[in-house]
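User: I am new to this structure and would like to learn how its features are read. Could you take me through a few of them, giving the general idea and then the case at hand?

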Amino acid sequence: MTTASPTAKTIEYDDHYVRLFMLAGIIWGFVGMLAGLLIAFQLNFSFLNLELPWLTFGRLRPLHTNAAIFAFVGNMMFAGMYHSTQRLCKCRTASDLLTGIHFWGWQAIIVGAAITLPLGLTQSKEYAELIWPLDIAVAGIWIVFAVNFFWTLARRNEPTLYVAIWFYIATIVTVALLYVVNNLALPTTLLHSYPIFGGVKDALVQWWYGHNAVAFFLTTPILGIMYYYIPKAANRPVYSYRLSVVHFWSLVFIYIWAGPHHLLNTSLPHWLQALGMLFSLMLWAPSWGGMLNGLLTLRGAWNKLRYDPVLKFLAAGVTFYGMATFEGPLLSIRAVNYLSHYTDWTIGHVHGGTLGWNGFMAAGMFYFLAPRLWKTKLYSVGLANMHFWVGLVGILLYVASMWASGITQGLMLNGTVQNGTVLAYPNFLDTLNAIRPLMLTRAVGGTLYLAGWILLVVNIYKTIKGAEPVNGTITVESSEEEETREIEGSIGLAGTVFNWPMFYSFWVILGLSLWFFGGGLLMLAGIGLTTFFSLLAIVHFQATSARWSEWYEKLLGNWAPFSILVFIAVAIGGMIQIIPTLVVQKAENLEDRVQIPYTPLELAGRDIYVAEGCYNCHSQQIRTMKPDVLRYGDYSRIGESIYDYPFQWGSKRTGPDLAREGGKRPNVWHFDHMRKPRDISPGSNMPPYPWLMEKETDLDALPGKIAAMRTLGVPYPDWTEEDIRQSVEEQAAGIVDDLAKNFRETSADKQIVALIAYLQKLGAYEDVESARARIESARKAN
C-alpha cells in the first residue's frame, strides 16, 4: 500500500511472507534436526530402523540432508533475503503474487521430498536426490524467485547495490546454473529417471554441483545476511568496503573450481584433482577475509556480546564459518584427504558448517526479526542465551567426536604392518566398533543442539503469541527515484565487458590456463602472460584507482551488467573442467579396462540398491592407495564405472567398499546378509531388509529403462521386450536354484534375487578391444 505526497511517498514493505518464511524455517529446522538425530542413533542402535523400509538409515539420511539444506536453510535465507532486499532497495517486493507462489511452491516441494525420499524414490546424487518432477518444480519456483528479485532491483529507490545484494545475485544466478546442469536426466517413468552423465562424468558434474551447492546455497546467501544483519544488530558500519569487494569477487570466481577435491585419489583424471586442490587452497584467503570483515564490524560493540543473544549467535556463526573454511581447504590437501576421505571427519566438517554457521546465523536472525515483525519484545533474553550455550556445547561435542572418530577410522583403515604389505586391521568391522563410543557422543551432541532449537521454538512462540504482525515502512523522496534511474542508464553491456578490470582478468586467466594445462613453450608463455599482466594491472590500478572505482560504482548502479559478470565468473571454472571431460571420457577412447554393461536383471537390482540408499554407507571406488588395494582389490579405473548412471563412488564408508564385490561371496551369503546382517557380520550396524524377500521386482519398467540406457550410450543389443524377459528369467532361475541348494527358498520375481544379481556383477570388466567390438556391434544393431 502506498500513499503519495507532492515530494515523497511512504512505502509499506511486504513482511507478511518474511514472517511465513521465518516460521517455516523454524519448523523445518526442527524436522530436519529430528531426522538427523534419529539416524545418528540408528548408527548406534540398529533396532531403531524398526525393520520398516521407509525408516531405514539409507532412506532417511537423504531426507535429513534435504530438510536441513533446502527446507531449513532455504526458508531461512528466503526470509532474510526478502526482508533485507526491500530495505536495501527502499521499495516493496515487486510482486506479492510471485512471492506467494514462491513460498507455497517451495513448501510443496519440501512436502514432496518428505514423501518420496522415504519411499525410496531417489536419484542417489548427494544433495540432489529429488526425482525429476520435483527437480522441474524446483527450477520453476527458482525462476519465480529470480524474476521477483531482479524485478525488485529494477524498481528500487536506492542508487547503488549494497554488498549483501551482490551475494544474493551470486546465489540466484549460480544455483540455477548448478541445479539445472546436474539434474539433467532422461525419464523412464513418472517417478524414475537416469542422469545424462555417467561414471567419471557424473562424478565430476555431481561434485561440481555438490561442493558449490554448499558454496552458493549455504554460504553466499548467508554471507549476504551477515553483511546486513551484523551491522544492523551492532549498529556499526561494515569494517571494510574494499575488503568486501575483494571477498565477493575472489570467492565467486575461485569457489566454483574446487569441486574435484571431493574426488582425490580416485580414478578422476589427475589434472582435475590437482586443479581442485589448488583452488581449494586459494579459498583460504577470501573466506577468512570475509570472516574477519564480519567480526571486525563488531569493533566497539564487543561488550554487547555479554547480554545480546542476537550478536552472540551472529558472532559465533561467523566464527564457525571461519573454522569450516579453514578446515575445507585443509581436507583438500591430498595427504590429509588420504586420511580423512570416506570417514567421519568429513561429517564433522559438514556439520560444523551447517550447525555452527547456518544454524547460529539463522537463530541470530530469527531473534532479531521476531520482535520487529510482530512489534513486540523478545519473550525471554535469558532463554535465548540458554539456547546459545546449550547449542554451542552440542556443536562442540558433535564436531569433536567426529574429528576423533574420523581420524581413528582413517588411521585404522589405512594402517599396515610388515613394511606395508599386510593390513593392521583387515576386518572392516574392527574400525566400526572402535568408533562406536564416539558415534554415540555425536548423537548426544545432536540431542543438545536440538534441545537448544526447541528453546528457540518456545521463545519465538511466546514472543509472537498475541502480538500484532506489523509491516515496515519507509518514506522515499522523489529525488531518490530520479537519482536511481539516472545511474541505471550510466553503464551498458559494452561498458561492462570492455573495461580495464575485464581486460586484465582475461589475460591473467588465459595465462594461468596455459601455465596449468600447457607444456613446454605454452607453459612458459602462460607464466609470462600471467606475470606481465598481473604486474601491469597492479601498476595501472595504483596510477588510476579513482577511475576503476568510478567504473565499479557505475556497475553497482546496474543490476543486469553486474549479474552478467557474476555469471561469467562462475561459468568459466565449470566449463574448463567439465567440457573436456565430457568430450574425452568415452568408452571408445579408453586405453584400459571397460565396464561390462549390466544385464536387465542386474540393472533392476542396481535400481533397488539405489532406492534402498545403500550408497550412503558403501562406496564403489577403490582409491589409488596401498591400504585400499590391500583391503578391496586392484584400484578402480575410469572405464570400470563408465556405464553407471548415476555413479556410485560414494562419500562415506560406514560399510566396506563394494567396487569388486562381485564373485567374492556365494549367493547364499548375500541372501542371509540382507535378511539378518548381524548373524553374518557380528558387530555390524546395517539394518535388515526383510521386505526384499517379499516385494516383487518391477520387471515391466525394464524395457523403458533399457531404451533409456541405449539412448545414453550403453551398448545394449536391440532387445525386444520378450528378449529382456527371457534374459531376466534365465539369470533369476540360476540364482534361485543356487539358493535352493543351500536351503533358502525364494521366487525369481523377488527383489532379493535382482539385488544379488547386481552385487555379483560389481567389478566385472573387459579389455578395450572387446569393449570396442561390443560398441560397434550395438551401433550396427541399432
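User: Is Phe-368 buried or exposed?

Analyst: In this predicted model, Phe-368 has a relative accessible area of 8%, and because buried means under 20%, Phe-368 counts as buried. Tyr-229 is buried as well, with a relative accessible area of 1%.

User: How is a pair of aromatic rings described?

Analyst: Such a pair is described by the distance of the centres and the angle of the planes. The count here comes to 58 aromatic pairs. One of them joins Tyr-229 and Phe-368, which lie 5.5 Å apart centre to centre with 75° between the planes, an edge-to-face pair. Tyr-229 belongs to helix H7 (residues 220-234) and Phe-368 to helix H13 (residues 344-373), so the pair ties together parts that are 139 residues apart in sequence.

User: Over which ring does the charged end of Arg-19 sit?

Analyst: The charged end of Arg-19 sits over the ring of Trp-374, 5.9 Å from its centre. In another case, the charged end of Arg-637 sits over the ring of Tyr-635, at 4.0 Å from the ring centre.

User: How are two packed helices described?

Analyst: They are described by the angle between their axes and the distance between the axes. Helix H5 (residues 163-182) packs with helix H8 (residues 241-255) at an angle of about 5°, their axes being 10 Å apart, which makes H5 roughly parallel to H8.

User: Which residues of H5 and H8 meet?

Analyst: From H5, Val-163, Trp-166, Phe-167 and Ala-170 meet residues of H8 including Tyr-241, Phe-248 and Leu-251. By class, this contact of H5 with H8 has nine nonpolar, two polar and no charged residues.

Terms used
Residues numbered from 1 in each chain as written. Predicted model: local features only at pLDDT ≥ 70, side-chain atom pairs only at ≥ 80, totals over all residues. Heavy atoms only, no water. Phe/Tyr/Trp six-rings, centres within 6.5 Å; stacked < 30°, edge-to-face > 60°. Helix = DSSP H or I, 4+ residues; strand = E, 2+ residues; numbered from the N terminus. Buried < 20%, exposed > 50% of the residue type's maximum accessible area, 1.4 Å probe, protein only. Lys NZ or Arg CZ within 6 Å of the ring centre and 35° of its normal. Axes fitted to C-alpha atoms, helices over the stretch in contact; angles between N-to-C directions. Parallel < 35°, antiparallel > 145°, perpendicular 65-115°, else oblique. Contact = heavy atoms within 4.5 Å. Nonpolar A, V, L, I, M, F, W, Y, C, P; charged D, E, K, R; others polar.
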